[in-house]
Amino acid sequence: MNLTVNGAEYELASPPLASLLYALREEIGITSAKAGCQQGGCGTCTVLIDGQPRRACLTPLLTVDGASVQTVEGLGDADNLSPVQAAFYEHYAAQCGFCTAGMIMAATALVERKAGATREDVLDALGGHFCRCTGYVKIVEAVVAAAAGEVDTARPDPQDEAGEPEVVIPGSPA
Amino acid sequence: MAKRRGRGFAMIEYPTGMNQGGDPSQAWIKVKPDGRIDVFAGTVDIGQGSKTVHTQIVADTIGVPYDWVTMDNSNTDSSPLCTGTFASRGTFIGGNAVAVAAKRTRERILEIAAKEMEIDPSDLEVADGEVTAKGAPDRKLSVSDVAAAATWTHGEMITGSGAWMKPYSAPDPDTGECEPHAAISYATCVADVEVDDETGEVRVLKLIQVYDVGRAINPTLVEGQIEGGGMMGLGLGLLEATYPYYPELDNRGDQFGAYLAPSMEELPEMENVILENPSAEGPFGAKAIGEMANNAQPPAICAAIHDAVGVWITECPASPERVLRALESKSEPRRVGKRVIYDEELSVAKLSSTGGEGFLRVDQ
Amino acid sequence: MKAVGARLPRYDGLQHVTGQSLYVDDVRVPGLLWTKALRSPHHSALIRHLDTSAAERLPGVHAIITHEDVPVNVVGHLAALGVPADEPLLAEHEVRYLGQPIAAVAAESEEAAQAAVDAIEVSYEEREPFLDIRKAFDPEVPKLTPEGNLFFYEPHQERRVRKGDVEWAFDKADHIVQGVYRPGAIEHAPTETQVALVVPEATGRLTVYSCTQAMYFSMGVVATHLGVPLNRLKFVGGTVGGGFGGKVDTATETIAALLALKAKWPVKWRWTREEEFLCSSVRAAWHVEIADAVTTEGWILGRRTMTLHDAGAYTRFSSYGATKHTFHLTGAYTIPNVAFNSYVVWTNHVPTTAMRGFGVTSVSFAVEMHMNRIAETIGMDPWELRLQNANRIGDTAPTRVTLKDPSAVPTMLAAAQAAGVELAGDYRTMTSEPRAGRLLPEHLASQVGDLGSNGGGQ
């Protein structure tokens, strides 16, 4: 089996019916795609196969022989985030982070397919992705912002918020 | 044959810290030769953001920029004990522990600075990475220079460590008297729903959620709890059931889609309001929110269902089946003298073969 | 610039969005073995026969453990609080819930481990399960222990809170409103399932990569099972894919550690999503019966409750959770005369554990639904009923703690404003200030506490 992952070519030894998720995590060592359920029900294993978002846990290797796979490691790094990555960072769309890679890949495919995607488009494209921490609010906000091009991909600075005056409470060790 | 709208609300409270106390957190801090701060704490970040909150507390308590502080909670060899991330104790107790360590670190910085500047430490203050003489802002020394002086001139280490705990309080076994918590948070949730009276399905349209968290160390992280908790409460109230026919064991779901955890499609409109009523003992007045975040939605939603279609659902989840059965039965409470008795068919008196003998019951 | 109060980005935000956050399952070590467990297919049964010898001979199998391999098999999670230990790490002569682990295998692949599990010889004698907590005292139901199906809160069967004079309250009341509330058992369902990876080090120590929410607590549990001091273990973690209370139970670490010690190779136990849904501990189902003594003016003179908590097959943290529950049964309201009784009941359901709001989630549901019934019975607006009875500065909680700074009223007023609800009369401008005037009827006067006392209770 041959596979291109994030631009690098691999000749795989994993059995043809092994899942793409298994090959990525156990053979190649790319761990951003997660084994959240291995039932196709949570989306944490989502990667792009020839640009399309797919559940790696349900994808037998032999069906992607020769294909080009992209994972979140191939989107960008800390100094050069992709628009969707930057949007997730700015909008606090990750809490525990376990669902984040899958969400970002599915969102990337949506944003590339449809500039100006609406909230309804986001719910439709990402509705099969499970998140237990965030309640989805900031994820949807992030993807809508990325689709609208409202993201600064230069690494966002901490917001300098003057805020309320310092309140010192008697008894607080601070 | 209609979709009916309704509104309900619930007002709740929740304690900070493990019930009855006795749950310490510890932290220790060292300062690198260039003034950067290393914090070692044991609080696990399960997504709630404790690493972020603790770093903010340390930065302001010592008086250095936020990005001078690194947080290591990764292992038990270098990190001291934290009882755990539960009972809504991470910001309050975990935060107090890092605050104590930070305060002691700050005192050591001022001690060294005092030697270097030949000014009494009580006449010095630290902010934004600089030690300044009170009332004489041109007399200053950067924290980086203080750290370098400590390391290379004085041969000393700048560290600070500490712990925080509310002492254990044992309850009186007859009355329950004790001191169970260091602080209490309050919240109110208003739910707007739409009930389909033909299918029993309930859709939550909007949640308005107000939380008093004492002090929002990071308001966006607080919103994250409100929103995440909101969806978890929606699941608890409407969708989720380990045992769909509790107490019977059949038809358990073993995959997503068979177990109905909320998806993006159930997301209602959410309006969040954060109130700050500072606590006496929390770091910067903070209290807690993490655990209570999913407590107010189930009763608010069930109250809204009653407003919409006139039935009380008192078993969670308020599944379509339960809603339809309630609509069919149109049950009214039984009145006996001044007693108004709801839900009799669910009670121990009805289900136990002895009428509930052995229990101290409320109807006796 | 101040950090506290600022919307600073997450400390781990960049690593999350670049896929660099390392969870237990992402740690790579050479020679890793995979784990599968033999789990009870029955809700309640005696184990008549267990033989792992055939399984041990299968290819790729490096170690199999049963209860005989565990130095201290029964360790209580709340032993430090004096709660008796009742749960075996690996089943001994019986199983009390479907999914209970009986044996565990470490092998070179998940498939090899599962084949070995399937080759373990085991036979059971099924028993009728006990399921309905309402029947806990009934003589004809199966008993999980020789003492019966209820936890004993020395010196009483139940956790008790008593304050004031409920008899007076129920006698004086215009109405007694009774209701039954049953919030159900649900899953934590984190996106990351239970997982641990244990590496035996050359020094003789064990490095335990754990998804625990409580590093030192879990380290203590493993150390106690193994009979070793804490410095034989190094727990590594701190980054967890969601917990919500379900990752305190230390569900994988000890078994993985024992397999690693026996196999002398690193061992990982990663639960499948099926195991997570069917075998992991859950939020408890609760049964709360409330009877409130109320007046036509909307005062709650007294409250009596009886709570049944479904602990599932073993105690775990249930005695703590039911205690916390009982202390909060007045909700956010000041009720001076109370008698609360809470029972922890063992059943053949999956053991229950802490989940977000532990103990108080059920209070919030029961009390808030009950307030609506009271409002319906006396014909009072539900906002007004709550505002009148809501905690004020100086009010006393059932634990006798004096409330120094409750914020029940401000959160309600803020919610009413956000929701466009028009409050009438003096309700619109109510505060948390100590009770006075019409908000201080005679029956509440005696419960006003000393604000200068106790350090607890905010």
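How much area do chain A and chain B bury between them? About 2800 Å², with 61% of it on carbon and sulfur atoms. This is a predicted model, where local features need pLDDT of at least 70, side-chain atom pairs count only at pLDDT 80 or more, and totals for chains, interfaces and linings use all residues. Residues are numbered from 1 along each chain as its sequence is written, chains are lettered from A in the order in which they are written, and side-chain values use heavy atoms, leaving out hydrogens and water.

**View 1. Chain A meets chain B.** Here 31 residues of chain A touch 37 residues of chain B (contact means heavy atoms within 4.5 Å). Buried area is the accessible area, with a 1.4 Å probe, that two parts lose on being put together, summed over both. There are 3 salt bridges between these chains (a side-chain nitrogen of Lys or Arg within 4 Å of a carboxyl oxygen of Asp or Glu). A:Lys138 and B:Glu223 pair up in a salt bridge at 2.7 Å, N to O.

**View 2. Chain B meets chain C.** This contact takes in 138 residues of chain B and 140 residues of chain C. About 11800 Å² gets buried, and carbon and sulfur atoms give 57% of that. The rule finds 8 salt bridges across this interface. In a salt bridge between B:Glu177 and C:Arg400, N to O is 3.7 Å.

**View 3. What touches what between α5(B) and α9(C)?** From α5(B), residues including B:Pro298, B:Cys302 and B:His306 meet residues of α9(C), among them C:Phe365, C:Met369 and C:Glu376. Both helices are DSSP runs (H or I, at least four residues), numbered from the N terminus.

Methods. Helices (H or I, at least four residues) and strands (E, at least two) are DSSP runs, numbered from the N terminus.
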